Every structure is written in C-alpha cells, then in structure tokens.
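Please open the structure in a viewer and keep the sequence at hand.

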Amino acid sequence: MLFKNARIFRFTKPVQVTPERLDEVLQGDAFKPCGPQDTSRQGWVSPLGKHSEQLVHAANGYMLICLQRQEKLLPSSVVSDYVTERVDEIEADQNRKVRRKERDEIKEQVILEMLPQAFHRNRKTYGYLDLNHGLMVVDAGSARTAEDFASALRKTLGSLPVRPPVLEQAARFTFTGWLDASIELSPLITLGDDCWMVDPSEDGGKIIARGLDLASDEVCGHLSAGMQATKLTMKWDEGVSFCLDEDFAITRIRFEEALLEKLNEVDSDDAAARFDSSFCLMTLEFSRLIPGLMKAMGGEDCTAIIEGEQQARLVTDTDEEAHDDALYPEVVRFVVGAGLVSISGIQRQFKTGYNRSAHLVEAMEQNGVVSAPSYNGGREVLVTA
C-alpha cells in the first residue's frame with residue numbers, strides 16, 4: 001500500500017473518532033454492485049480487499065479507508081448505431097420525421113435496454129485520516145477525484161471540516177525563487193530535472209522543461225524573461241521523489257530503494273502483514289514530508305484553523321450547517337441561473353472557503369436542486385429558473 005499521489009486536506013478544527021466508530025458508520029454506505037438499471041454506484045470497501053472485512057485499517061494513529069466506484073460501460077458509438085437504426089425504422093414505417101425530443105427518448109430507452117448486459121469498471125480511491133496532525137491524505141491523480149472522495153466521506157459522516165492547505169506565500173514565488181537562487185532551498189530537498197513554467201501575462205505561454213539541469217542558462221533565461229515556475233520535480237531527504245505543483249498536490253510519487261528494502265524484509269507470503277508494513281512505512285515518511293514541505297515553502301496559513309479545546313465529533317447524525325447558511329438562497333439562485341454547479345465555481349463567485357462551498361453543494365443535492373455526482377464527478381442542475 002504505497003500511494004502514487006497525495007492530495008492533502010487540512011482539518012479546520014480538531015475532531016475525534018475511533019476506528020471502530022468510523023468503521024460502523026462506513027458500513028452504512030458500504031459498496032453494493034450496480035443493479036440492472038444502474039449506470040454507476042459507489043461505496044466503501046475494505047482497504048485490504050479479500051484479506052479483511054473491516055472498512056477501516058488503523059495503524060499508529062492513521063486510519064486508511066477506500067472508496068470504490070463501479071460504472072457501466074456503454075460505448076457511445078454502439079448506442080448511437082442502435083438509436084439511428086430505430087429512428088430509421090420509425091421514419092420508414094410511419095413516413096414522418098423523428099424530432100429531437102423523440103430521438104432523446106429513444107436513446108434513453110436503448111440505454112435502459114443495454115445496461116443489464118453492459119460491462120462494468122471498478123475504480124478504487126484510497127485515503128487516510130491523520131487526526132493527530134489534522135490531515136487527510138488522498139491518493140488521487142486529479143483534484144476532482146480527491147474532492148469526490150472528500151464529498152463521499154462527508155455525506156457518509158454528516159460532517160467533514162476539511163479544506164486544501166493554504167500556504168503563507170504563493171507557491172510560484174517559492175518555486176521561482178528556488179530556481180533563480182533568490183530563496184534558499186531546504187537541505188532536505190534536491191531538485192529534479194523537470195520544470196513547468198508560465199508567463200503570468202494575459203496572453204502568456206507555457207513551457208515544460210524535461211530532463212534539463214534546472215540551473216542551466218536555458219531555464220534561467222526564461223525566468224529572467226518573467227516566466228514563473230508552477231510545478232517542479234524533486235527528491236525529499238533521499239527517501240522519496242515526486243512532482244509538486246502550485247496547489248500543493250504531490251504526484252508521481254516514487255519511493256527510493258532504502259524504503260523498498262525494508263518492505264522486502266517482510267514475509268512476502270503474508271499479504272496482510274506486507275500491506276500493513278507498507279502503510280506504516282509510507283505514513284511515517286509522509287509525516288515528515290508534508291510538514292517539511294510546508295515549512296520549506298514558507299509555512300502554512302492557519303488563520304482559519306480552530307485549535308485548542310474546541311473539538312468536534314467527526315461523526316454526526318445530521319449536518320444542518322449548510323442548510324442554515326445565510327448564503328444558501330443566493331447560491332441556489334446563482335447555480336439555477338447559470339445552469340452549472342461546481343465547488344470551485346461557488347468559491348470564485350462568493351469568495352467562500354472550500355469546506356463551506358462543499359457543504360452548500362451537498363445541501364443543494366439533498367434538497368433536489370442538483371444531482372449526485374456522475375461517473376466523471378460532474379453534477380446536473382435539476383431545477384430551472
């Protein structure tokens with residue numbers, strides 16, 4: 001169990017939940033396979049797969065969970081061919097033109113008929129809770145997949161006060177400073193040989209430098225021309241290499257030989273023991289890497305994080321916070337008027353934080369304003385203006 005990516009979420013207030021209680025609540029939304037007429041379903045499964053029935057794998061204060069999503073696969077070309085065939089038959093038999101609305105109805109009927117025979121695809125997303133340090137880490141290659149994981153967990157628990165971490169200074173400023181030597185690089189960080197740069201002007205371009213010495217004249221020339229670095233490859237303390245972008249997303253994680261050698265010492269015939277050992281070694285490495293990176297990038301902005309004794313239960317019976325939010329009616333009007341909904345869109349429009357925006361979207365789902373996330377994470381607005 002070694003993550004390939006790490007999308008970080010910060011708890012905005014101290015929370016408490018035991019692995020036993022978390023497992024009990026997740027059982028209520030345990031994964032069930034798609035029925036004959038379902039296009040997709042998702043739910044919680046055991047991180048250890050067939051080796052355990054527990055939905056929470058706990059070790060050293062970390063709680064690993066896994067969200068599985070199953071989708072029916074219906075090739076659009078096949079659906080289109082069947083629809084065209086039926087439309088042609090109707091037009092020939094009834095000597096009339098099939099309008100768009102009727103064609104859409106035929107398409108829906110074809111899909112319903114084909115769903116029971118469709119192949120399905122399963123996708124698992126892993127994440128772990130580190131309540132001692134107020135973090136949730138999700139193995140997701142995209143921000144949308146990580147947000148879907150957080151949204152599913154929030155819906156199951158009733159409340160999940162998390163947001164992506166916020167840094168004191170812009171990551172672009174730090175990355176560019178590392179490259180032009182205007183900001184001292186941490187001795188624990190060794191820069192790699194890939195760099196992504198953008199021109200911040202309105203019509204600026206982008207450059208991806210791969211396999212280059214990042215201290216070369218070529219890279220320095222782009223920086224001198226005003227370009228800014230937005231993503232870098234690097235190695236942390238000779239233990240793990242990865243790519244870090246300006247949203248503090250860690251991707252392309254590769255653990256070095258020293259850690260992999262420790263895993264080889266575990267009995268390879270005991271799959272559960274090997275899984276547990278890899279999880280423990282990974283979380284130990286991440287417990288140093290994540291705060292170390294934040295410090296190296298100028299520190300984390302903790303102004304919106306509640307500390308001390310104001311502790312909240314992670315598992316609640318209901319989540320009325322979003323429904324009672326004074327901004328909720330305005331958000332509904334905005335979403336219905338635009339005909340589109342997304343957490344990031346609400347953040348931009350109303351200058352709200354990630355956690356509040358996510359709560360508002362889920363409240364609209366509960367009230368029938370927007371749909372549940374589809375297979376690609378998108379939602380539909382169900383109410384017309």
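Begin by selecting helix α9 (residues 328–338) and helix α10 (residues 343–350), which pack at an angle of about 115° with their axes 11 Å apart. Axes are lines fitted to C-alpha atoms over the stretch in contact, and angles run from 0 to 180 degrees between N-to-C directions. Helices are DSSP runs (H or I, at least four residues), numbered from the N terminus. Now show the side chains of Glu330, Val331 and Phe334 of α9 and of Gly345, Ile346, Gln349 and Phe350 of α10, which make the contact (heavy atoms within 4.5 Å).

The model is predicted: local features need pLDDT of at least 70 and side-chain atom pairs pLDDT 80 or more, while totals for chains, interfaces and linings use all residues. Residues are numbered from 1 along each chain as its sequence is written, and side-chain values use heavy atoms, without hydrogens and water.

Next, select Phe242, Phe286 and Leu293; of the 54 residues in the largest nonpolar core, these touch the most other members. Such a core is a set of buried Ala, Val, Leu, Ile, Met, Phe, Trp, Tyr and Cys residues joined through side-chain atoms within 4.5 Å; buried means under 20% relative accessible area (1.4 Å probe, protein chains only). Helix α8 (residues 271–296) gives the most to this core, with 11 residues. Apart from this core lies another, of 25 residues, including Phe9 and Met136.

Finally, move to helix α4 (residues 143–157), where Phe149 and Leu153 are among the buried residues. Just after α4, select Gly158, which takes a positive phi of about 95°.

Methods:
Helices (H or I, at least four residues) and strands (E, at least two) are DSSP runs, numbered from the N terminus. Buried means under 20% relative accessible area, exposed over 50%, partly exposed in between (1.4 Å probe, protein chains only).
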